[in-house]
Amino acid sequence: MDPMESIKQTFFQECDELLLAMEEGLIAIENGEADDEIINAVFRAVHSIKGGGGAFGFEDLVAFAHVFETVLDNLRSGKLKAGEEAVKVLLRAGDMLADHVAAARGGQPLPQGQDDDVKSELGALSGEPAGHGEEALADFEGLAFTPMRIEVSDTPVETPAKIWRIAFAPHAALYAKANEPYLLMRELATLGKVEVVCDLSKLPALDLVETDQAYFAWTITLETDVAREKVEEVFEFVAGDCELEIALVEPTPPTVESSAGQETHAMACAADNAPIRAAEKKEVPPAASDSAAKQTIRVDLDKVDRLVNLVGELVITQAMLSQRVLECDIPRTSSIGNGLAELEHLMRDLQESVMAIRTQPVKSIFQRMPRLVRELAAQTNKKVRLVIEGEATEVDKTVIERLGEPLTHMIRNAIDHGLETPEERVAAGKPEEGTVTLSAEHRGGRIVIEVSDDGRGINRPRVREKAVERGIISAGANLSDEEIDNLIFMPGFSTASQVSNISGRGVGMDVVRRNIVDLGGRIVIGSAPKQGSRFSLTLPLTLAVLDGMVVAVGDQTFVLPLAHIVESLKPRQKDIHPFGRGRNLLNVRNSYVPLVNTGALLGANGAVDAASGVVILVESQGTGRLALAVDAILGQRQVVIKGFESNYQRIDGIAAATILGNGRVALILDVDGLVSRCRGELSAAELSEFRPTGT
Amino acid sequence: MTMSEKQEQTNQNRRQFITFRSGEQEFGADIMVIREIRGWTETTPLPHSPDYVRGVINLRGVVLPVIDLKARLGRGRTDANVKHVIVVVEASHRTIGLLVDAVSDILAVTSAEIQPTPELARDELAAFVEGIAVLDERMVTILSMDRLTASLVSAPMAQAA
Amino acid sequence: MTKVILTVDDSRTMREMLKLALGGAGHTVIQADDGINGVEALQNAGTVDVIITDINMPRMDGFGFIDQVRRDPRNRAIPILVLTTESEPAKKQRARDAGATGWIVKPFDPDKLLAAVRRVAP
C-alpha cells in the first residue's frame with residue numbers, strides 16, 4: 001500500500017489512543033485528581049493530534065485542535081484555573097475533537113459551524129476571539145531581519161544577477177549549537193558564485209585560543225540572481241548568534257581571492273575543532289530508565305491466532321495421548337503416568353498463557369461509556385453518575401469487540417427506563433443524582449460484567465400486564481418474580497408508553513440477550529422495586545473454546561453448550577404426554593416442555609427411548625425451552641471449537657465440531673436452531689394452557 | 001533429459017495424474033489437487049446429509065468431510081474397511097476426503113491422449129468428468145476435482161426427520 | 001551523502017513520516033519515543049550525524065533532551081533540529097538557548113526537511 005496511506009492508518013490508530021488518554025486526563029481533572037503530569041499529557045494528546053492532522057490536511061480538525069490546545073496550554077502553564085465550568089467546556093471540547101477525528105477518518109468533514117459553539121466557549125476561556133483558526137505560519141520573531149513567509153517565497157521573484165556582500169561574524173553561541181559556518185557557505189554556494197575572505201584579526205596566539213570562543217569573521221561575496229529572502233534564509237537558524245549584514249553591491253569584477261586567507265581559514269578551522277574533541281570527557285549520567293513503565297511490543301493478530309490454534313491442537317493431542325495410555329492399562333502412578341500428568345499440567349499453563357496474549361482489559365470498551373452517559377443524561381434531563389469498577393479485568397479480544405453493543409444498550413436502558421427524574425428521586429427520598437455502576441471481574445473461570453442502577457427497579461405488575469397483552473403468557477399463569485423479570489427478554493417487549501427516541505426500535509433486551517448468548521454467555525436480572533436493577537452477564541474467557549456437556553445418543557457422541565443448559569433430569573414415563581401431531585411434552589414441575597428424541601432428530605442409530613435415558617433441558621433466548629432426550633451424559637469439558645462449514649456447508653441443528661480425546665470428531669449442537677425448529681408454531685401461551693388428558 | 005526433449009515434453013502439455021480404483025472403474029485426478037492419501041477411519045456422520053457424504057474425520061485438527069466416490073457417482077455405497085483409502089483433495093477452496101477402494105499409480109498424460117466423454121455415458125458421472133484417457137489397455141476416467149468439490153454447496157439435503 | 005539521523009518524537013505518526021521522508025532520501029534513521037530513550041539511543045548508536053527532536057514529549061521533553069545531549073562535550077558538534085508547530089518566539093528561543101541548531105515547522109514538507117538537514121550537516 002502507498003506508504004502515506006499506511007501512515008494515515010497509523011495516525012488514526014494513534015488518535016484512538018490519544019483520545020483515550022485525553023478523556024482519562026479530563027475526567028481526572030474533573031474529579032480534582034489531576035497533577036501537572038496529567039494536564040501535560042492532555043495537552044500533548046491534543047497537540048499530537050493537531051500535528052498529525054496537519055500533515056494529512058485535515059483543516060477543520062487542525063483548526064479546532066489549535067483552539068483547544070491553546071486553552072490547554074494556558075491550563076498547564078497556570079494561566080487558567082480548572083473551575084467547574086471550565087472543565088465542562090473542556091469535556092465538550094474533547095467530545096468535539098473526537099467527532100472531528102471520526103469525521104476525518106470517514107473522509108467527510110463535519111458540517112460547517114458544528115463546532116462553533118464549543119470553539120467560542122474555548123475562545124472565551126483563553127481570552128482569544130474564536131475563529132483564530134489559521135495555523136500560524138513559520139514566524140521568525142526575535143531575528144535580526146524581517147520575518148519570512150517561506151511558503152509564499154516558493155517562487156521568488158527572480159532578479160537579474162546581483163552581487164551581495166555578506167559580513168558574517170559568528171558568536172560563540174553559534175558554535176555551541178553545532179552550527180557550522182562552512183555549511184552555511186556551502187549552502188550559499190548553491191545559490192550562485194561565492195567568494196569567501198576570512199578575517200583573522202581577532203585570533204590570538206594559538207596557546208591563548210579558547211576552544212569555545214569565536215574568533216573568525218568572514219566577508220562573503222555572492223553573485224546570484226535569487227531574491228534577497230533566499231539569501232537571508234540560509235542564515236535563519238543562526239540569526240541572533242552572529243553579526244550579519246547583507247548588502248547589495250554594484251556589479252564589479254570579483255575581488256582577487258586571498259589564498260593566504262583561505263589557507264589560514266582551513267588551518268584555523270582544524271585547530272578550532274581538534275581542541276573541542278580533546279576536551280576532557282565528562283561523565284554523562286546514565287539514562288534513568290523508568291522501570292515502572294511496562295514494556296510492550298506490537299504483534300500481528302495473525303501470528304497470535306496461529307499460536308492460539310497450535311496450542312489448541314497441542315491440547316487435543318495431549319488429551320488423545322493420555323486417553324490412549326489409559327486404554328493400555330498403564331497405571332497412573334507409573335513413570336509414564338506421572339509424566340503424562342506433568343504434561344497435562346504444563347499444557348494447561350501453556351494454554352492459559354497463550355489465551356492471555358489475546359486478552360485485553362475491558363477498559364477499552366468501558367472507556368466509551370462516560371461520554372455515552374454524559375450525552376444520555378443531557379438528553380433525558382436526568383442527573384447521572386457513572387461508576388466504573390474492574391476496568392483492568394482482562395477479556396479475550398474477540399469477546400471485547402462484541403461486548404460494546406450490548407453494554408451500550410443496557411446503559412441506555414438503565415438511564416432511560418431505570419433511573420427516575422431528579423424530581424421523582426428527591427420525592428422518593430433518594431439523592432438527585434442517579435448512579436449507574438458498570439463493573440467487571442473474573443469469577444470461577446468466567447468473566448462477570450454487571451450493569452446496575454439505583455433507580456425504580458422493574459415494574460412487575462406492568463411487565464406482567466404487557467406480557468398478557470402480547471399473548472406471551474396466559475392471564476392465569478402463575479409466575480415468580482424472577483420469571484416476570486425475565487419476560488423483558490421477550491422479543492418486541494418494551495414497557496415504555498412511547499418508544500423513546502434513545503432506546504429506539506428493535507434494541508430491546510431480546511437483542512442484548514441474543515448477543516450475549518451468541519458469545520456463549522448468559523444474562524441474568526435482579527431487581528428490587530424502588531431500589532434499582534442489576535443485569536449480570538457471564539461470559540466465557542474466549543470464543544475459541546466452549547464449555548460443553550458431552551452426551552451419548554445412540555452410536556454417536558454430541559456436545560451441548562453449557563451456556564444453554566438449564567438442567568438435566570431423569571424423566572418418568574408418566575411425565576411424558578403426547579401432544580398434537582406425533583409430538584410429546586414433558587412435565588417439568590408442572591410446566592410443559594416439548595420433548596425431542598435427539599437420536600431421531602439427528603439420525604443417530606440405536607438411541608434409547610426417552611424414559612430410559614436422560615433428558616437435558618435446554619433454553620434458547622426468548623424462544624423457550626426444549627427437552628432433549630439422550631442416552632447418557634458422558635461428562636463435561638472444555639472443547640476447542642472447530643468449524644466445518646468452510647469445507648462443507650451449513651447443517652441445520654449443528655453449530656460446529658470438536659475433536660474429543662479419542663481423536664474422533666463430535667458435533668456441537670446448535671441449541672437456538674433446534675429450539676426454533678422443534679417448537680415451531682407452539683407459543684408459550686399454548687404450552688402454558690396445556691392440561692394432560694387423564695393421567 | 002536433453003533440452004530439446006524437455007522442450008518436447010512441455011510442448012506436448014503433459015499432466016500428471018494419480019489414479020485410483022472405485023468399484024470396477026479406474027479414475028484419475030490431477031496431482032496438483034491431491035494433498036495426501038490416508039487409510040480409512042470411522043467417520044462421524046453428519047445429520048441431514050446425502051447418502052454419499054459419509055461424515056467427517058479428524059485430519060490433524062481439521063474437520064474433513066469424506067465423500068464416498070462410488071455413491072457420488074450413483075453406483076451404491078462402499079462397504080469401507082481398513083483396506084480402503086481416503087484421498088485428501090483441495091479444490092474450489094475446500095479440502096475434502098474422497099473414499100476409494102485403492103490408489104493405483106501416477107500417470108503422465110498429454111492433453112492429446114485425453115478423449116472427450118462419449119455421448120452415451122450420460123449419467124451422474126458426466127458432470128465431473130474431464131475426459132477419458134486410454135493407455136495400453138487401461139481406460140482411466142479423468143475427474144475434475146474442482147467440479148466435484150464445488151458440487152457440495154448445492155448438494156440436496158435430506159428433509160428433517 | 002547519506003547520514004545517520006536520530007529522530008525523537010512521542011507520536012508514532014510523526015516518527016513514521018520522518019522515517020519515510022529521511023529514509024526515502026537514503027539516510028539511516030534511528031528512532032526514540034521520548035527524551036530519555038533518545039539519550040539512550042544516542043549513547044548506543046555508533047555515530048549520529050543529525051538529531052531531530054520534538055518538544056512536547058512525556059518523561060523528558062525536547063528542552064530537557066537537548067540540554068542533556070549538549071552536556072556531553074562529545075555531542076556539542078551534533079546538529080539538533082527541533083520540530084515545532086508552536087510559533088511562539090519564547091519556545092524557539094528556549095530551544096536555541098538549550099542548544100538547538102535549527103528548527104523545522106510541523107507539518108513539514110519533506111523537501112524542506114531534507115534541506116534543513118543538508119544545511120546543518122556536512
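**Notes on the model**

1. Let me start with a sheet in chain A. Six strands, in the order β14-β18-β19-β17-β16-β15 (chain A), make up an open sheet with mixed pairing. The edge positions belong to β14 (565–569) and β15 (576–579) of chain A; each has a single partner strand, so one side of each is left without a neighbour in the sheet. On average, neighbouring strands here are turned by 35° against each other, direction ignored. Please keep in mind throughout that this is a predicted model.

2. Which strand does β15(A) pair with? Its partner is β16 (residues 583–588) of chain A; the two run antiparallel and are joined by 4 bridges.

3. Helix α20 (residues 671–679) of chain A lies across β17 (591–597), β18 (614–620) and β19 (624–630) of chain A. The helix α20(A) runs at about 100° to β19(A).

4. Now for a helix pair. Helix α1 (residues 3–30) and helix α4 (residues 84–106), both of chain A, pack with their axes 10 Å apart and at an angle of about 170°. That angle is over 145°, and α1(A) and α4(A) are therefore roughly antiparallel to each other. From α1(A) the contributors include Phe12(A), Leu19(A), Met22(A) and Ile29(A), while Leu90(A), Gly94(A), Val101(A) and Arg105(A) are among those from α4(A). By class, the contact between α1(A) and α4(A) has 11 nonpolar, 1 polar and 3 charged residues.

5. Helix α18 (residues 509–518) of chain A deserves a look too. Which of its residues are buried? They are Met509(A), Val512(A), Arg513(A), Asn515(A), Ile516(A) and Val517(A). The buried residues of α18(A) pack against α14 (397–418), β10 (522–528) and β11 (532–540) of chain A. Just after α18(A) comes Gly520(A), with a positive phi of about 85°.

6. Some overall numbers for chain A: there are 21 helices and 22 strands. Of its 695 residues, 33% are buried. Among contacts in chain A with a separation of 6 or more, 71% are between residues 24 or more positions apart.

7. Chain C has 5 helices and 5 strands, and its elements run β-α-β-α-β-α-β-α-β-α from the N terminus on. Of its 122 residues, 57% count as buried. Among contacts in chain C between residues at least 6 apart in sequence, 59% join residues at least 24 apart.

8. Finally, the confidence scores. Chain C averages a pLDDT of 87, with 97% of its residues scoring at least 70. Among the elements of chain C, strand β1 (residues 4–8) has the highest mean pLDDT (94) and helix α4 (residues 89–98) the lowest (76). For the complex, the predictor gives an ipTM of 0.89 and a pTM of 0.49.

Methods: Residues are numbered from 1 along each chain as its sequence is written. Chains are lettered from A and ligands numbered from 1 in the order in which they are written. This is a predicted model: local features need pLDDT of at least 70, side-chain atom pairs count only at pLDDT 80 or more; totals for chains, interfaces and linings use all residues. Two strands pair if DSSP finds at least two bridges between them. Axes are lines fitted to C-alpha atoms, for helices over the stretch in contact, and angles run from 0 to 180 degrees between N-to-C directions. Two residues are in contact if their C-beta atoms, placed from the backbone, lie within 7 Å. Angles under 35 degrees count as roughly parallel, over 145 as roughly antiparallel, 65 to 115 as roughly perpendicular and the rest as oblique. Ala, Val, Leu, Ile, Met, Phe, Trp, Tyr, Cys and Pro count as nonpolar, Asp, Glu, Lys and Arg as charged, and the others, Gly among them, as polar. pLDDT is the predictor's confidence in each residue, from 0 to 100. A residue is buried if 20 or more other C-beta atoms lie within 10 Å of its own, exposed if 12 or fewer, and partly exposed in between; C-beta atoms are placed from the backbone.
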